[in-house]
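Subject: Structure handover

Hi,

Here is the structure I promised to pass on.

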Amino acid sequence: MHQLKRNRRLRTNESIRSLVRESRLSPDDFLVPLFVVDGEKIKEEITSMPKYFRYSLDTLEKEIKELWSLGLKAVLLFVKIDPALKDNRGTEALNPNGLMQRAIKTIKNVCPEIIVMTDVALDPYSNYGHDGIIDNGSIINDSTVEVLSKMSLSHISAGADFVAPSDMMDGRVLSIRNILEQEGHVNAGIMSYSAKYASSFYGPFRNALDSSPVFKKNIPKNKSTYQMDYGNRTEALKEVAMDIDEGADIIMIKPGLPYLDIIRDIKSKFEIPVAAYQVSGEYSMIMAGCEKGWLNYDETILETNIAFKRAGASIIASYFAKDLVKIIS
Ligand code: PBG
C-alpha cells in the first residue's frame with residue numbers, strides 16, 4: 001500500500017517550508033506604539049512592561065530615526081501627562097501646545113514621512129482614569145464625543161496623519177469625520193478601535209500611563225459600560241459595520257491573540273484594512289515567560305505575530321515590532 005498523500009513532504013526542510021509558507025511578516029506590517037512623557041533626556045523603563053520605555057521629546061527623536069532606519073513606517077502615540085493637568089473633562093487634551101501636540105510636531109520634524117497615529121480617548125487626561133466624562137456615576141456619551149472630536153482636530157492640525165479613537169463611545173467616528181471634513185482635513189485618516197473588548201490585558205498599559213480608573217464612590221470600577229463584553233462575537237461585526245459607515249478608514253481589533261476569531265470574521269465580511277493590537281498584557285505575559293526561561297523570546301514573538309497575519313490582519317500594533325524586524329531581516 002502506497003500513501004499518495006504525504007503532507008510531511010512539504011515540511012522536509014526550511015527551504016521547502018518557506019516556499020509554501022502562507023503568512024509572513026515584513027516591516028511594512030507594523031505600527032509601533034510609543035509612550036511619551038514631558039521632561040528631558042528621559043528614557044525610562046516601564047515597570048509593568050520590562051524593556052519597554054517612555055520617552056521625552058528629545059530621546060523620542062532618536063528613537064524615531066532608529067525605527068525609520070529599520071523600515072518601520074508608522075507609530076501610534078500615547079502620552080503620560082502630569083496628574084496636576086488631569087480633570088473630568090480632559091481639558092488638557094485640547095491644549096494646542098499639549099504633550100501630544102508637541103510630540104506629533106517633533107516626530108514630523110525629524111521624519112516627515114513616518115505615519116503618525118494618535119490615541120484618542122480621555123483616560124490619560126481624566127482624573128478618574130476613564131475614557132469619557134463622568135456625570136453622576138456614568139460615562140456621558142455625547143458630551144464625551146464632542147471633546148473627542150475637538151481632540152482629533154487638534155491632533156490632525158498638529159500634523160498627525162491618523163487619529164485612532166480607542167474610547168468606544170457611540171457615534172464618535174461620524175462626529176470626528178464631520179469635524180475633519182468641515183475643517184478641510186479631507187485626507188486625515190481614522191483608524192477606529194471598533195471592536196475593543198473590556199479586557200484584563202490592558203493592565204500593564206494603565207500602569208505605563210498611570211491611567212487606571214480610580215477607586216472612588218460613584219466612579220465605575222471598570223470600563224464595561226463602554227468597552228465590549230468579551231462573550232460577544234456578532235456585536236463586533238455590528239460595531240465594525242457602523243464605523244465603516246461613519247467614515248473609518250482602518251478598523252482595529254483589540255486585544256490581539258485572544259480575539260483571532262474576531263479578526264477572521266471581520267476580514268471575511270468587510271473590505272477594509274484590519275489592524276490587530278497585541279496589547280500590553282500580551283507583551284508582559286510573554287516577557288515574564290521569557291524571563292523565567294520558560295519561553296523562547298524570538299520564537300514566541302514570531303509565532304504570535306504571524307498568527308495575526310494568518311487570521312487576516314494586515315496591520316499589527318505590537319510592542320515587539322522593533323525586535324521582530326531585527327529577527328526577520
Ligand atoms: C486608552 C487605551 C488603552 C489601550 C489603548 N488605548 C487602555 C484602556 O482602554 O484601558 C490599551 C493598550 C495596551 O494595553 O497595550 N483608551
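Which element gives the largest share of the lining of the second largest cavity? It is E4, with 3 residues. Before the rest, one caution: this is a predicted model.

**The second largest cavity**

Let me finish with this one. Its space comes to about 40 Å³. The lining is made up of Leu77, Phe78, Val79, Met100, Asp119, Pro124, Tyr125, Met151 and His155. Strand E4 covers residues 74–80. Helix H4, residues 141–158, also supplies at least two residues of this lining. By class, the lining has 7 nonpolar residues, 1 polar and 1 charged.

**The largest cavity and the ligand**

A search of the whole structure turns up 2 cavities of 30 Å³ or more. The largest cavity holds about 120 Å³ of space. What takes up that space? The ligand does: the space it takes is the largest cavity.

The classes here are 7 nonpolar, 3 polar and 7 charged.

Next, turn to the ligand itself.

Start with Asp131: an N or O atom of its side chain is 2.9 Å from a nitrogen atom of the ligand. Then go to Arg206, where a side-chain N or O atom lies 2.7 Å from an oxygen atom of the ligand. Ser280 also has a side-chain N or O atom 2.7 Å from an oxygen atom of the ligand. How much of the ligand's accessible area does the protein cover? The answer is 100% of the 400 Å² that the ligand has on its own.

**The largest pocket**

Pockets come next. The largest pocket contains about 330 Å³ of space. Its lining counts 21 residues. Lys51, Tyr52, Tyr283, Tyr319 and Asp323 lie nearest the centre.

The lining splits into 13 nonpolar residues, 1 polar and 7 charged.

**The second largest pocket**

One more space to visit. The second largest pocket has a volume of about 260 Å³. It is lined by 19 residues. Those nearest its centre are Met168, Asp170, Thr225, Tyr226 and Glu239. Helix H7, residues 234–245, gives the most to this lining, with 5 residues. Here the classes are 6 nonpolar, 5 polar and 8 charged.

**Where to start**

Go to the ligand first, in the space that is the largest cavity. Find Asp131, Arg206 and Ser280 around it. Then move to the largest pocket and pick out Lys51 and Tyr52, two of the residues nearest its centre. End at helix H7 in the second largest pocket.

Best wishes

Notes. Residues numbered from 1 in each chain as written. Predicted model: local features only at pLDDT ≥ 70, side-chain atom pairs only at ≥ 80, totals over all residues. Heavy atoms only, no water. 1 Å grid on protein atoms, 1.4 Å probe; cavity = no way out; pocket = protein on both sides within 12 Å on 5 of 7 lines; lining within 4 Å. Points joined across faces, edges and corners; volume = space filled by probe spheres on them. Nonpolar A, V, L, I, M, F, W, Y, C, P; charged D, E, K, R; others polar. Helix = DSSP H or I, 4+ residues; strand = E, 2+ residues; numbered from the N terminus. Polar contact = N/O pair within 3.5 Å; in protein donor to acceptor, adjacent residues only side chain to side chain. Areas by Shrake-Rupley, 256 points an atom, 1.4 Å probe, with all protein chains shown as cover. Sits in = over half its atoms within 2 Å of the grid points.
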